[in-house]
Amino acid sequence: RQWTGLVLAGGQSSRMGRDKALIELDGITLLDRAIELLRPHAKEILVIGDPEKYTPEHATVLPDDLPGKGPLGGLVTALKHARYVRILVLACDLPNISDRLLIHLKKDMVGDVDAVVPRHGEFIEPLAAAYHRHAMDLFNRNLAVDRLKLSDALGRVNARYLDLVPGEEGWPAELFKNMNAPADL
């Protein structure tokens, strides 16, 4: 099967005070770390962000078609422009996502499923998930009325949830820890 990998690198980074995508962790930027994680799983890698700011070696940078519409706008931009109908999405500020998670997401994207989203307890992780282009029209309806929460958009499509518990069954305890503020580094 053929997949597009998507890194969401836009966003304001207001709490961090600087561009999260360009922050280095262990000598590699968060953007490049996300691209490297996706590369074995996708034939094409897209980055939604500013092409003037980001020039990754193994990805195509696209400006957001719908600036100011948050991750949902970036996801719809990618679903529209991706070469393949299945997309693995990763926000650049989730540096602990594992190869194992991506394998599970891809495996569960079968039949008429529009999205596969990790869930732990009452939390879902729509920015480390898999999506099918079928979801685009329904997501666009949410964008049209400024309902920008991905959790709301997922309620409109055939979403499958991958239940797991960080820290158990071999999953890293910090699997979904995101880098929002300098204290998170």
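Predicted model: local features only at pLDDT ≥ 70, side-chain atom pairs only at ≥ 80, totals over all residues.

Author: Residues are numbered from 1 along each chain as its sequence is written, and side-chain values use heavy atoms, with hydrogens and water left out.

Reader: How many salt bridges does a search of the whole structure find?

Author: Side chains of opposite charge can pair when their charged atoms come close. The criterion here is a side-chain nitrogen of Lys or Arg within 4 Å of a carboxyl oxygen of Asp or Glu, and the search of the whole structure finds eight such salt bridges. One of them joins Arg39 to Glu36, with the closest N and O atoms 3.4 Å apart.

Reader: Which residue forms a salt bridge with Glu44, and where do the two partners lie?

Author: The partner of Glu44 is Arg83, the closest N and O atoms being 4.0 Å apart. Because Glu44 lies in strand 4 (residues 44-48) and Arg83 in the loop between helix 2 (70-81) and strand 6 (86-91), the pair ties together parts that are 39 residues apart in sequence. Helices (H or I, at least four residues) and strands (E, at least two) are DSSP runs, numbered from the N terminus.

Reader: Is Glu44 buried or exposed?

Author: Burial is read from relative accessible area, where buried means under 20%, exposed over 50% and partly exposed in between (1.4 Å probe, protein chains only). Glu44 is buried at 10%, whereas Arg83 is exposed at 56%.

Reader: What does Asp108 touch?

Author: Contact means heavy atoms within 4.5 Å. Not counting residues up to four places away in sequence, Asp108 touches Val113, Val116, Arg160 and Leu162. Asp108, found in helix 3 (residues 99-108), is buried, with a relative accessible area of 16%, and its side chain meets that of Lys107 in a salt bridge (4.0 Å, N to O); Lys107 is exposed at 52%.

Reader: Which residues of helix 4 are buried?

Author: In helix 4 (residues 136-144) the buried residues are Met136, Phe139, Asn142 and Leu143. They cover an arc of only 115 degrees around the axis, which puts them on the same side of helix 4; the arc is that of the directions from the helix axis to the C-beta atoms. Asp137 and Ala144 are exposed on the other side of helix 4.
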